[in-house]
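This briefing goes through the structure shown below, topic by topic. Please keep the sequence and the model at hand while reading.

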Amino acid sequence: MGDYIFKLPDIGEGVVEGEIVLWHVKVGDSVAEDDDIVDIMTDKATVTIPSPTSGIVTEFSGEVGDMVAVGSTLVTFSTDENTSNQVEKEPVPEEIIKPVVEEKIILEPVKEEKTKQIPKQIPKPIPAVTQSKQITSSNGNSRVLASPAVRRRAREAELDLSIISGSGPAGRIRHADLDAYIAAGGTVTGAPPTSYSTKRTGTNEIKVVGLRRKIAEQMVKSKFSIPHFSYFEEIDVTELEELRQMLNASRDDNQPKLTYLPFIMMALAKIMPNHEECNALYDDENNIVTQHSAIHLGIATQTDRGLFVPVVKHVEAMDIWQSAAEMQRVSGAARNGTASLDDLSGSTFTITSLGRDGGLGATPIINHPEVSILGIHKAREMPVVKDGKVVIRRIMNVSSSFDHRIVDGANGAALIQALKRMLEYPALIFM
Amino acid sequence: MSENRKCQVLIVGAGPGGYVAAIRSAQLGLETIIVEGDKPGGVCLNIGCIPSKAIIHAAERYESLTKHSADNGHMGITINDNPNLDMKGIVEWKDTIVQRLTKGVEALVKGSGAELINGWATFSSSKQCTVKTNQGDIIIDAENVIIATGSTHIDLPFMPCDEEFILSSTGALSLQKLPKKVAIVGGGYIGLELGCALSKLGSEVTVIEGMDSILGIMDKEIRRPLEIWLKKNKVTVHTNALARGSKIKGKGASSKVELTFEKDSEEHKITVDKVLVTVGRSPNSKGWGLENMGIRMDTSGRFIRIDRQCRTSAPGVYAIGDVAGEPMLAHKASAQGEMVAEIISGEKREFDKVAIPAIVFTEPEIVSVGLTPDEAKERGEEIITGKFPLAANGRALTLEAEKTGGFIRVTARESDHVILGIQAVGSHVAELHGEFVLALEMGALLEDIADTVHAHPTMTEAFHESVLKSLGHAIHSA
């Protein structure tokens, strides 16, 4: 029997600490080598840490929400060396234990330990237990409720039942749910729920940790410290739509498809030199406003993990294709979690767009310490009066918010009116 | 002279895991060879499940005949003479059933197109083995291997089974004469099933159990009726008692065994005709070249380590049944065997069973499927339970099945009524278990069972009522 102390390893990118966002195991659980044990969120990424050994978890050195420093104790395992594997020696636990125990004395050179450790690991046959992708889980609370026939169909279709919501009682996944999921190409989860006699009494308590906590803190900071004023306008994008269609139709294969966003980005870059007070950062503790001549546009991006604001830098130096491509790159990186620190910082102005769910209007919250934010809504055909006649035009609403401490009402309105002019006469963007 | 053979699927061991795997893989068009060192059917058919159930049934019959031949008879039926017990006759009758089934298995395997080779396989690498047969050695190279070597009873080192005085379950199932006194070392399900049967046949039975209760796999409430039955039927149970040794006393036909055991730090001695040792089973991982296959064992070092598809650490080598881990139950092995054959044929399968039913054929019978209330609570579930006594079930009364104090108990999650486990205890309850397992596999809610019509008069109504009880509205219960 032996205690195995596992410390938070160096997870790269100069990260010195991380927040525990999810324990995959409980004290008393027996874990196998390579089982997931904990999710640690650092400034920019969430990393799942696998178990370095097989054993029983005897102690956690932190709760969900706690910060842990690299090199500090994370988990203690009790490893039973006496009964472990008589047929094949497993050298790995011993190999790892030694360097980690040494580490107790010197806290600093964690990185060194790590690099020393890796070549020592002896190549092993792929452990059979970890090679299978677990499609359904059949143990205890977490089991997916579905009949054997539904489970078989899902496995054959290589679908993960745990992400399909069931419409049956207690969330049981029925054949119909699977049909609906497959028919929708995996975008819709399950058939509409039907009501059954079972009363729903459960509540779901979710600890606000990790990215959600960071989002919450940032929102509070923005909303509590910045006196927002919001301003709305509608923009006739009929001409812009024609231009967009034409450009898309004639684009090269290696050019991205254009949405409205790149045009708006280009227009902002064009008009911003006349509205410098809006492209600024306000350090409200030191009372300094820094106006930027570079246009670094933050693009609010919804991801599975929550809201991210990746940044397209120096839009003023790009053409429309470049800005579209760069926007796709950074938002894609934010979505799949590969965005670098640089991709996620440095914006001077933020655009938020809900895309298909754009709605009519919103009151966007300024991305502190910026002073302006622009919200884009869905363009739709509307009857409008033009030259005394009712005609059908394509109309897009924009909502904007400004830090009223820095940006006066007239200045904010002027920016939006300039933008309107650009978008209604899109040739101006390129002049 | 040795013959060389090749096949797509090689199965070692023709027990309930292996023979099912062989039939299924042949059905799927795979060239299949199954090697068996003994008779097909494994422990289950030859010296386990089936023969024990035959003896148990015979014992039940004898017990009821004894009641009818008592002074006032029973239920209006009186037999004027005493029934005669011929142990040899019972064993012969049991053997005819076993033979019929093992022949049946052999015919099914052959009929499916799989080839059954009788001999002992020894592996030289993960995919190659040499089978010693009466006709000479056969070297088999297989694309896929399914290890289904099963398990063997565990001997006590200080009193190994000689099958004459110290019996394993094998010997106990082939008794030529009913022993007057029997001591059973190990109060698990195997010992207790045979203990109940021997007691019904008229043996004086003593159970020596090392733990603080018999049948530790079941919870206190569910094993209570069995404990009462044992008491009523004068079966002596010593718990926290450890067998220490045995001595053969006397000579020839009158020899007896003196068994020494320790209880409360005191040494006790009892003299019996036979000692039955049922202290557990051990996987067969030795004697057939496992060490040459490069296969990883599990953390206990006893079982072959497998994943959810029964794959071992050697590519193309699978392990199923007792040799691949708990629970060591025939039906688990069969289900794994069927699945592995399908995986080899390219189908996507995974062993994702919600529950593996466990049944103990004691008097009364005990069934457990899924979680017990205690287990559910340990997992942090908020639960509701419903318990319905067989004494309130009409059919149970007509079968005298209520006499052993049985009941059915259902456990469900309080919030959404998903059924988490079902246990039953009582005479004849084993046959009720199919619905219990189906309920768990289908993800049934209490309401699913409540809204299913259960035929009257049957004992299945008791399950329905236990569910109604958990919902607070049982009909036939106060």
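In chain A, helix α8(A) passes α9(A) in a right-handed crossing; a crossing is right-handed if the near helix is turned clockwise from the far one by less than a right angle, and left-handed if anticlockwise. Helices (H or I, at least four residues) and strands (E, at least two) are DSSP runs, numbered from the N terminus. This is a predicted model, in which local features need pLDDT of at least 70 and side-chain atom pairs count only at pLDDT 80 or more, while totals for chains, interfaces and linings use all residues. Residues are numbered from 1 along each chain as its sequence is written, and chains are lettered from A and ligands numbered from 1 in the order in which they are written.

**Confidence**

- The model has an ipTM of 0.73 and a pTM of 0.62.
- For chain B the average pLDDT is 95, and 100% of the residues score at least 70; pLDDT is the predictor's confidence in each residue, from 0 to 100.

**The two chains**

- Chain A contains 10 helices and 18 strands, and chain B contains 13 helices and 22 strands.
- Of the 431 residues in chain A, 30% are buried, and of the 478 residues of chain B, 49% are buried. A residue is buried if 20 or more other C-beta atoms lie within 10 Å of its own, exposed if 12 or fewer, and partly exposed in between, with C-beta atoms placed from the backbone.
- Two residues are in contact if their C-beta atoms, placed from the backbone, lie within 7 Å. Among contacts between residues at least 6 apart in sequence, those joining residues at least 24 apart make up 62% in chain A and 66% in chain B.

**Helix pair α8(A) and α9(A)**

- Helix α8 (residues 260–271) and helix α9 (residues 320–335) of chain A pack at an angle of about 120°, and their axes are 9 Å apart. Axes are lines fitted to C-alpha atoms, for helices over the stretch in contact, and angles run from 0 to 180 degrees between N-to-C directions.
- On the α8(A) side the contact is made by A:Leu261, A:Pro262, A:Phe263, A:Met265 and A:Met266, which meet A:Ile320, A:Ser323, A:Ala324 and A:Met327 of α9(A).
- The residues of this contact comprise eight nonpolar, one polar and no charged. Ala, Val, Leu, Ile, Met, Phe, Trp, Tyr, Cys and Pro count as nonpolar, Asp, Glu, Lys and Arg as charged, and the others, Gly among them, as polar.

**Nonpolar cores**

- The largest nonpolar core has 149 residues, and those with the most contacts inside it are B:Ile146, B:Ile147, B:Val275, B:Ile320 and B:Ile419. Such a core is a set of buried Ala, Val, Leu, Ile, Met, Phe, Trp, Tyr and Cys residues joined through C-beta atoms within 7 Å.
- Apart from this core lies another, of 53 residues, including A:Ala269, A:Cys278, A:Met327 and A:Leu374.
- Beyond its neighbours within four places in sequence, B:Val275 has contacts that include B:Phe165, B:Leu167, B:Val185 and B:Leu259.

**Helix α1(B)**

- Nine of the 10 residues of helix α1 (residues 18–27) of chain B are buried, among them B:Tyr19, B:Ile23 and B:Arg24.
- The buried residues of α1(B) pack against β1 (2–12), β2 (32–36), α4 (87–112), β6 (136–147) and α8 (330–344) of chain B.
- Just after α1(B), B:Gly29 has a positive phi of about 85°.

**A:Glu19**

- A:Glu19 lies in strand β2 (residues 17–23) of chain A and is buried, with 21 other C-beta atoms within 10 Å.
- Not counting residues up to four places away in sequence, A:Glu19 touches A:Ile40, A:Met41, A:Gly65, A:Met67, A:Val209 and A:Gly210.
- A:Glu19 and A:Gly62 are 43 residues apart in sequence, with their C-alpha atoms 9.4 Å apart.

**Backbone points to check**

- The peptide bond from A:His368 to A:Pro369 is cis, with omega near 5°, and A:Pro369 is in the loop between β15 (349–353) and β16 (372–376) of chain A.
- The peptide bond from B:Glu326 to B:Pro327 is also cis, with omega near -10°; B:Pro327 is in the loop between β17 (317–319) and α8 of chain B.
- B:His417, not a glycine, has a positive phi of about 65°. B:His417 lies in the loop between β21 (407–413) and β22 (419–426) of chain B and counts as buried, with 24 C-beta neighbours inside 10 Å.
- B:His428 has a positive phi near 65°. B:His428 lies in the loop between β22 and α11 (433–441) of chain B and is partly exposed, with 18 other C-beta atoms within 10 Å.
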